[in-house]
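Q: Got a model open here and a few things to check. Can you walk me through some of the packing?

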Amino acid sequence: LIEKFMRDLKNKLTSSKNTKNTKSRKGKSFGNQVLGFGSGGLPPADYSMNALIIGGGAGGGGTGGGGGAGGYRESTQGLYTGAVITVTVGDGGAAGGQAAYGGQGSDSSILGENLKTVISAGGGFGGRYYYGDTGDGGSGGGAGMVAQAGSEPGGSGNTPPVSPSQGNDGGDGSRTAPGNGGGGGGGASAAGTNGSGSAGGAGGAGRASSITGSSVTRGGGGGGGVYDDLTIGAGGAGGGAAGTNNSINGNAATANTGGGGGASGYGNAGFKVGGAGGKGVVILSVPDGSYSDTTSGSPNVTTGVSGRTVMVFNGSGSYTA
């Protein structure tokens, strides 16, 4: 009887079901004990980084609409010592040729190991004369002057969509008596305004940031062009260029603001070219005591900005944490 009891007890202890449960419990306990912060997790970051990422602004259209500003995004993330952060700064879009579309702005971005990639889209191109259609982007381009009575819609901002929004829509192009006006390009904080029969649309305003220690506004949209001596479209605050009237070439946006280029006007001397968009910028800020002094791409570096070191990348490069 005793021998039978011992055999039954041994069978229960060594059955496949109990063995599986024992291994499962052991495995889970081992993982938690070794990692200490959950399976698949990471230890706390070594220090924090603030970043401002602005895409390249678009070019203004020839006898058309203002260029849209580059996408405007901010990010705060943790960094691990030794990680390489790759910085890409987008170019501004080319000036639109005579009665031609402006060029699309290029994307800016940051990416790296254990870092959330952030991409700010280039601005949407400014529309051209006659057709009026325009480009979508970080901020949308303004629609060009239209040849027929009526209006054409501006380009869509925040394309592709992100939250918070990276930009705003461009303004409509219009033709009504006594003339026609191109729409203003969208900006980081406001949409471009619509053109009318008496004025070009103003570019949307940019957005202010104090990441460099003082408040600076960037990401303004370009102004729309207009016929004859009618009122030009103003450039959006933050690097957006004003449009022109008569037969005057468009104005270029301010470099490294992501501003949109201004559109050219139309007059007796015929069609002229638009203005180029402004190149984007990427700005990184880390604590003074954590800054590694290891960069590429020759950023402008300033220490002691409220206890932080600020790197302004006007071109592509990298930072090693």
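Predicted model: local features only at pLDDT ≥ 70, side-chain atom pairs only at ≥ 80, totals over all residues.

Q: Fine. In what order do the strands of the five-stranded open sheet run?

A: The order is β5-β4-β3-β15-β12, with antiparallel pairing.

Q: Which strands stand at the edges?

A: β5 and β12 do. Each has a single partner strand, so one side of each is left without a neighbour in the sheet.

Q: Over how many bridges do β12 and β15 pair?

A: Two, in the antiparallel sense. Ser318 in β15 is the bridge partner of Ser296.

Q: Let's stay on Ser318. Buried or exposed?

A: Ser318 has a relative accessible area of 15%, and the cut-off for buried is under 20%, so Ser318 is buried. Ser318 belongs to strand β15, which covers residues 317-320.

Q: What does the side chain of Ser318 make a polar contact with?

A: The side chain of Ser296, at 2.6 Å.

Q: Which residues is Ser318 in contact with, leaving aside neighbours within four places in sequence?

A: Val84, Ile85, Thr86 and Val87 are among them, and so are Thr294, Thr295, Ser296 and Phe313.

Q: Switching to aromatics. How many aromatic pairs does the structure hold?

A: Six. One of these is Tyr129 with Phe271: the ring centres are 5.4 Å apart and the planes are at 45°, so that pair is tilted.

Q: Where do Tyr129 and Phe271 sit in the chain?

A: Tyr129 is in the loop between β5 (115-120) and β6 (150-152), while Phe271 is in the loop between β10 (216-218) and β11 (281-287). The pair links distant parts of the chain, 142 residues apart. Tyr129 is partly exposed at 22% relative accessible area, and Phe271 is also partly exposed, at 29%.

Q: Which residues form an aromatic cluster with Tyr129 and Phe271?

A: Tyr227 and Tyr266.

Q: And what about the rings of Tyr291 and Tyr319, how far apart are their centres?

A: 5.9 Å, with the planes at 5°, so the pair is stacked. Tyr291 lies in the loop between β11 and β12 (295-296) and Tyr319 in strand β15, so the pair ties together parts 28 residues apart in sequence.

Q: Are Tyr291 and Tyr319 buried or exposed?

A: Both are buried: Tyr291 has a relative accessible area of 17%, and Tyr319 has 0%.

Q: What else does Tyr291 touch, not counting residues up to four places away?

A: Besides Tyr319, Tyr291 touches Val286, Val301, Thr309 and Met311.

Q: Last topic, the largest nonpolar core. Which residues touch the most other members?

A: Leu79, Ile85, Ile110, Leu284 and Tyr319, out of 19 residues in that core. The elements giving two or more residues are β1 (47-54), β3 (84-88), β5, β11 and β14 (308-313).

Q: Which element gives the most?

A: β1, with four residues. Another core, of ten residues, lies apart from this one, and its members include Ile54, Tyr72, Val281 and Ile283.

Notes: Residues numbered from 1 in each chain as written. Heavy atoms only, no water. Buried < 20%, exposed > 50% of the residue type's maximum accessible area, 1.4 Å probe, protein only. Polar contact = N/O pair within 3.5 Å; in protein donor to acceptor, adjacent residues only side chain to side chain. Contact = heavy atoms within 4.5 Å. Phe/Tyr/Trp six-rings, centres within 6.5 Å; stacked < 30°, edge-to-face > 60°. Core = buried A, V, L, I, M, F, W, Y, C linked by side-chain atoms within 4.5 Å. Pairing = 2+ DSSP bridges.
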